[in-house]
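This report looks at ring pairs, the nonpolar core and the overall fold. Please view the sequence and the structure together while reading.

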Amino acid sequence: MRRLLEPIGALLAGLLGVLLIVLALNVLLVSRDVSADDLRFQSAPERQRDLWKDVGVIPGSLIGHGLGIEDDLAYRRSASLFARAQPGRRAGPQIEALRGQAALELTRASNAESDPGRRSQLLNFLGVIPLDRSVTEFERRASMLQTARGVFQSAVRTDSENADAKVNLEIVLRDLNITGLPPNAPSGEAAGGRRSSPGGVSGEGY
């Protein structure tokens with residue numbers, strides 16, 4: 001029996017060694033792939049697709065859960081979808097549909113996010129999506145701005161250090177005053193302003 005068990009033990013030890021090597025290699029490759037996708041996103045955020053999905057050598061959610069970075073990858077993917085939606089620009093039906101998808105995803109992601117900083121930035125992204133400077137009809141613009149105010153206030157309450165959300169809130173409050181509505185008018189939960197990347201690089205006002 002002992003002679004039978006010895007080669008089995010040696011085989012298992014060899015398999016464990018190979019597994020440890022693969023896991024160590026995967027850690028290095030994940031770091032490389034995430035950094036590479038970060039650079040791709042920063043260079044052309046509106047044109048990138050399927051970033052931060054195929055990283056490392058271990059497929060599927062095992063990558064993120066095993067290394068404890070699934071939340072980080074999910075946040076990056078939400079930010080990428082936001083950028084592709086091209087908020088604040090005139091758009092055709094395809095982009096409008098993408099904006100609807102982005103709004104749903106950002107709502108889901110912000111509700112699920114446990115990190116206050118990331119949750120605040122996801123709310124900030126969500127606020128930007130529906131804002132449109134070309135909307136001039138009074139009731140539509142008033143509703144749009146009131147909704148945006150509520151979202152940016154939520155973002156600031158979640159993370160008082162979120163400079164993007166603070167700027168966006170100031171812009172919306174200013175526009176509400178220009179529109180002739182009091183800044184404390186009733187508001188909802190959804191809408192607009194300054195953009196930023198997963199790394200926190202600020203963009204322009206909405």
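## Aromatic pairs

The count of aromatic pairs comes to two in this predicted model. In one of them, Tyr-75 and Phe-125 are stacked, with 6.5 Å from centre to centre and 25° between the planes. Tyr-75 belongs to helix α3 and Phe-125 to helix α5, so this pair links distant parts of the chain, 50 residues apart. Tyr-75 has 7% relative accessibility and therefore counts as buried, the cut-off being under 20%. Phe-125 also counts as buried, because its relative accessibility is 0%.

Phe-125 pairs with Phe-82 as well: the ring centres are 4.5 Å apart and the planes lie at 20°, so this pair is stacked. The angle decides the label, because planes under 30 degrees apart count as stacked. Phe-82 sits in helix α3 and Phe-125 in helix α5, so the pair ties together parts that are 43 residues apart in sequence. Phe-82 counts as buried because its relative accessibility is 2%.

## The aromatic cluster

Which residues form one aromatic cluster? They are Tyr-75, Phe-82 and Phe-125. Phe-125 takes part in the pair with Tyr-75 and in the pair with Phe-82. Tyr-75 and Phe-82 both lie in helix α3, while Phe-125 lies in helix α5.

## The nonpolar core

The largest nonpolar core has 29 residues, and the members that touch the most others are Leu-106, Phe-125, Leu-131, Phe-152 and Val-172.

Which helix gives the largest share? That helix is α6, with seven residues.

## Fold and surface

The protein has seven helices and zero strands. Along the sequence, the pattern reads α-α-α-α-α-α-α. Among contacts between residues at least 6 apart in sequence, 67% join residues at least 24 apart.

Of the 206 residues of the protein, 40% count as buried; Tyr-75, Phe-82 and Phe-125 are among them. The protein exposes about 11600 Å², of which carbon and sulfur atoms supply 57%.

How values were computed. Residues are numbered from 1 along each chain as its sequence is written. This is a predicted model: local features need pLDDT of at least 70, side-chain atom pairs count only at pLDDT 80 or more; totals for chains, interfaces and linings use all residues. Side-chain values use heavy atoms; hydrogens and water are left out. A nonpolar core is a set of buried Ala, Val, Leu, Ile, Met, Phe, Trp, Tyr and Cys residues joined through side-chain atoms within 4.5 Å. Buried means under 20% relative accessible area, exposed over 50%, partly exposed in between (1.4 Å probe, protein chains only). Helices (H or I, at least four residues) and strands (E, at least two) are DSSP runs, numbered from the N terminus. Contact means heavy atoms within 4.5 Å. Accessible areas come from the Shrake-Rupley method with a 1.4 Å probe; for residues, only the protein chains shown count as cover. Rings of Phe, Tyr and Trp (its six-membered ring) pair if their centres lie within 6.5 Å; planes under 30 degrees apart count as stacked, over 60 as edge-to-face and the rest as tilted.
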